[in-house]
Amino acid sequence: MRYLFQLLSHLPSRHLSGKLSVSNTIIRCTNTKYIKMQPQKQALLLSSSNCHGYSMLEFAKEEILSFLTRNDVNELVFVPYAQNDFDAYTAKIREVISQWGISVTGLHTYPEPTSAVNSAKAIFVGGGNTFMLLSRLYENNLVKLIRDRVNSGNLLYIGSSAGTNVATKSIHTTNDMPIIFPPTFDAIGIVPFNINPHYIDFIESETHKGETRDQRIYEYLQMPHASDVLGLREGCILHVAGDTLTLKGVSGAVLFRKGENKTEYPVGADVSFLLLK
């Protein structure tokens, strides 16, 4: 929508008479023509489902509800693949989100996962172990399907923690242990860079002599295949809307780039430049 008024400013005045009404795909000029608008990629990438001082998903409730309701969505297909007890995990998420007036159905309850995702309007990919999640997405032939449907604007994507990791270029910057090996570390690629969820940059104990999160990220950046890394602090949400990236939630993010010092970005910051290759 950010280019809408630029578009309208170039139209002859005869096309601007009457009221304007906007839907997901059409701007209607009363008594004149329809201007076709292409659906755009949309996603909410959460650092986690839990944030200190909030109950589960409470910090993200307003953003999630706004995201779904403005797209006329009241049903979510939940992907529980990052944990082993699919029923229990789905029930836990359903208990929270159903109170908001949104129904939740576990992807594992459908006989054909690809058919379920192909017909869904929105999915929520939960957290847990990133390696296990990506492995199961590949096993069920869902990686390319999700990528294509999200990129075409036909599927809303919500991810949390591991669900955010798999939405990026690769899972190289996950915090999880490789308890299982997916066919590749290449992920869905909704955004063309990496994310480090649960980012933290301080050490609680003065006696700790192990690596910090920053050191681990900079080790990754030394690799030839490395891309930018956006560290999402707990409570941060990356909102993807077409060619616009905005930090939402209750905390900001930190950007790591090869050969540069890390840069802090607050809530509300526009980080759309990360989409430029």
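**Exercise 1. Which residue of β11 stands opposite Leu44?**

Step 1. Leu44 stands opposite His239 in β11. Before going on, here is how to read the model. The model is a predicted one, where local features need pLDDT of at least 70, side-chain atom pairs count only at pLDDT 80 or more, and totals for chains, interfaces and linings use all residues. Residues are numbered from 1 along each chain as its sequence is written, and side-chain values use heavy atoms, with hydrogens and water left out.

Step 2. Strands (E, at least two residues) and helices (H or I, at least four residues) are DSSP runs, numbered from the N terminus. Two strands pair if DSSP finds at least two bridges between them. Between β4 and β11 there are 5 bridges, and the two strands run antiparallel.

Step 3. Now look at strand β8 (residues 156-160), which is joined to β4 by 4 bridges and runs parallel to it. Here Leu45 has Gly159 as its bridge partner.

**Exercise 2. How many residues of strand β4 (residues 42-46) are buried, and which point one way?**

Step 1. Start with the term: buried means under 20% relative accessible area, exposed means over 50%, and partly exposed lies in between (1.4 Å probe, protein chains only).

Step 2. In β4, 5 of its 5 residues are buried.

Step 3. Sort them by direction. Gln42, Leu44 and Leu46 point one way, while Ala43 and Leu45 point the other way.

**Exercise 3. What is the strand order in the open sheet of 7 strands?**

Step 1. The order is β6-β5-β7-β8-β4-β11-β12, and the pairing is mixed.

Step 2. Find the edges: β6 (103-106) and β12 (244-249) each pair on one side only.

Step 3. Zoom in on the β12 end. Strand β11 (residues 236-241) pairs with β12 in the antiparallel sense over 6 bridges. Leu238 faces Leu247 across this pair, and Cys236 stands opposite Gly249. The hairpin of β11 and β12 has 2 residues between the strands, and in this hairpin Gly242 takes a positive phi near 65°.

**Exercise 4. Is Leu57 buried or exposed, and what about His198?**

Step 1. Leu57 is in the loop between β4 and α2 (61-69), whereas His198 is in strand β9.

Step 2. Neither is a glycine, but Leu57 has a positive phi of about 65° and His198 has a positive phi of about 60°.

Step 3. Leu57 counts as buried, at 0% relative accessibility. His198 counts as partly exposed, at 25% relative accessibility.

**Exercise 5. How many residues does the largest nonpolar core have?**

Step 1. A nonpolar core is a set of buried Ala, Val, Leu, Ile, Met, Phe, Trp, Tyr and Cys residues joined through side-chain atoms within 4.5 Å.

Step 2. The largest one has 46 residues, and those with the most contacts inside it are Leu137, Ile146, Tyr157, Leu230 and Leu238. Apart from this core lies another, of 26 residues, including Leu65, Phe67, Ile102 and Leu156.

Step 3. For background, nonpolar side chains tend to be buried together in soluble globular proteins.

**Exercise 6. Where does Tyr89 lie?**

Step 1. Tyr89 lies in helix α3 (residues 86-97).

Step 2. With a relative accessible area of 7%, Tyr89 is buried.

Step 3. Gly127 is 38 residues apart from Tyr89 along the chain, and their C-alpha atoms are separated by 9.8 Å.
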